[in-house]
Amino acid sequence: MLDLTGIPVVDNHCHPVLLEQPKEVLQYRAYFTEASDPAFARQHMANSAHYLWLLRQLAVFFSCASKSDESEVLAARNQLDTDTLIERLYRAACFDTLILDIAHPLPEMCYSPERMGQLGHCRAVRMLRLETLMQDLVVKTRDFDEMVQLYSQALTDLRARGYIALKSIVAYRTGLNIARWTQDEVVASFSEARATIHDGKLRIKHKPLIDHLLHIAFLHAAEQELPIQFHTGYGDKDIDMRLGNPLHLREVLEDSTYEGMRVVLLHESYPYVQLGAYLAAVYPQVYFDLSYTIPFVDRLEMLAFTRQALGIAPASKLMYSSDGIYLPEMHWAATLRGRSIIAQVLGEMVENDEFDEEQAYLLARQILHDTAYAVYRL
Ligand SMILES: [Zn+2]
């Protein structure tokens with residue numbers, strides 16, 4: 001069995017940890033499902049493979065007497081202040097870099113990237129979420145041309161502003177089938193969006209407007225050779241999963257004006273894993289993220305998507321992540337899962353005479369560390 005514990009991990013997509021951590025069992029459970037109905041966590045989490053596995057890992061980590069007692073794990077967890085919890089978990093995880101989407105949860109509820117880096121003894125860098133920027137500017141600006149101008153300004157020289165990537169959640173809002181619209185359609189869409197502003201807040205879901213602003217962002221990304229992460233596949237029920245299929249990105253990927261823009265398909269495009277890995281295998285600019293905490297699936301499903309990704313795309317197109325959010329054990333748990341699953345799958349490939357053990361180790365290094373260094377210029 002390959003031992004990958006010595007490879008410091010770049011978590012290429014994750015979110016900050018909440019300052020206020022849950023203390024009660026039901027509160028805690030609710031973080032481990034994408035189902036928004038509170039009854040779901042109460043009824044079904046104790047019967048969910050990924051959650052039962054996590055409790056077992058935490059029971060070992062906290063040296064609990066029982067291997068699987070939820071309340072004992074939570075009691076042990078509650079004894080630690082959050083700083084200590086983060087520090088202990090992240091030290092065990094051995095991170096090189098955390099690449100954070102700081103748009104969710106709200107920054108005022110969370111540890112800053114700087115603080116997470118300090119506690120984790122690692123680097124922490126940030127990406128810019130486009131839809132959040134769009135919402136802010138549409139709320140603030142009455143005039144369409146002025147809004148576009150401010151938006152474009154905000155996207156210039158992004159590395160100097162401290163961002164190493166862009167991120168889009170368009171899959172959640174209007175779908176990955178990003179189209180071209182006429183100026184009239186875009187301006188009308190802007191007016192419709194403005195009309196839905198409530199209490200100074202907007203949830204942008206106006207397709208011509210979002211698509212138009214994304215195309216502007218793509219030009220900036222291409223010019224600055226900045227990668228863009230797209231949410232693809234599995235999400236909460238807000239997403240129309242039919243439009244989360246990464247094959248919808250064809251027009252963007254085929255557009256030669258965006259050649260300098262590297263595209264990262266997040267969350268292994270689950271369940272469109274083979275399709276996303278295929279895109280990484282045929283488009284030089286496409287990279288494929290393998291996420292080991294969210295989507296919430298069990299080890300067997302993780303083995304399946306890792307086998308598919310490694311079977312289809314070069315390891316130099318694959319990057320590890322957790323999609324960890326809210327709780328520090330999510331970032332930590334993914335390193336347990338990721339290292340062990342990647343080692344198992346590469347080991348199987350060695351047994352099948354695809355390559356030798358030394359080559360397997362180098363491929364693992366690419367997934368856990370090297371590919372992200374190249375893509376994000378760390
Ligand atoms: Zn995410």
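**Entry 1: the second largest cavity**

I started with the second largest cavity, which is lined by Gln-21, Lys-23, Arg-77, Asn-78, Leu-80, Asp-81, Thr-82 and Leu-85. I kept in mind that this is a predicted model. Which elements give two or more residues to this lining? They are helix H4 (70-78) and helix H5 (82-93). I looked up the space inside the second largest cavity and got about 30 Å³. Sorting its lining residues by type gave me two nonpolar, three polar and three charged.

**Entry 2: the largest cavity**

Next I asked how many cavities of 30 Å³ or more the structure holds. There are two. The largest cavity has about 100 Å³ of space in it. I went through its lining and wrote down Phe-32, His-50, Trp-53, Leu-54, Tyr-292, Thr-293, Phe-296, Val-297, Met-302, Ala-333 and Arg-337. Helix H3 (49-61) and H15 are the elements that give two or more residues here, and H3 gives the most, with three residues. By type, the lining of the largest cavity splits into eight nonpolar residues, two polar ones and one charged one.

**Entry 3: the zinc ion**

Then I went to the metal. Which protein atoms are the donors of the zinc ion? I found His-13 (NE2), His-15 (NE2) and Asp-323 (OD), at 2.1 to 2.2 Å from the zinc. Along the chain, the donors follow the spacing H-x1-H-x307-D. His-15 and Asp-323 link distant parts of the chain, being 308 residues apart. I placed His-15 in the loop between strand E1 (9-14) and helix H1 (25-29), and Asp-323 in the loop between strand E8 (318-321) and helix H15 (328-351).

Are these two buried or exposed? His-15 counts as buried because its relative accessibility is 4%, and the cut-off for buried is under 20%. Asp-323 has 8% relative accessibility, so Asp-323 counts as buried too.

**Entry 4: the sheet**

Last, I traced the strands. They form an open sheet of eight strands in the order E1-E2-E3-E4-E5-E6-E7-E8, with parallel pairing. Which strands sit at the edges? E1 and E8 do, and each pairs on one side only. From one strand to the next, the twist averages 30°.

I picked one pair to check by eye. Strand E4 (residues 163-168) pairs with strand E5 (residues 228-230) in the parallel sense, over three bridges. I also noted Lys-167, which stands opposite Gln-229 in E5.

Key. Residues numbered from 1 in each chain as written. Predicted model: local features only at pLDDT ≥ 70, side-chain atom pairs only at ≥ 80, totals over all residues. Heavy atoms only, no water. Donors = N, O, S within 2.8 Å, 3.2 Å for Na, K, Ca; no water. Helix = DSSP H or I, 4+ residues; strand = E, 2+ residues; numbered from the N terminus. Buried < 20%, exposed > 50% of the residue type's maximum accessible area, 1.4 Å probe, protein only. 1 Å grid on protein atoms, 1.4 Å probe; cavity = no way out; pocket = protein on both sides within 12 Å on 5 of 7 lines; lining within 4 Å. Points joined across faces, edges and corners; volume = space filled by probe spheres on them. Nonpolar A, V, L, I, M, F, W, Y, C, P; charged D, E, K, R; others polar. Pairing = 2+ DSSP bridges. Axes fitted to C-alpha atoms, helices over the stretch in contact; angles between N-to-C directions.
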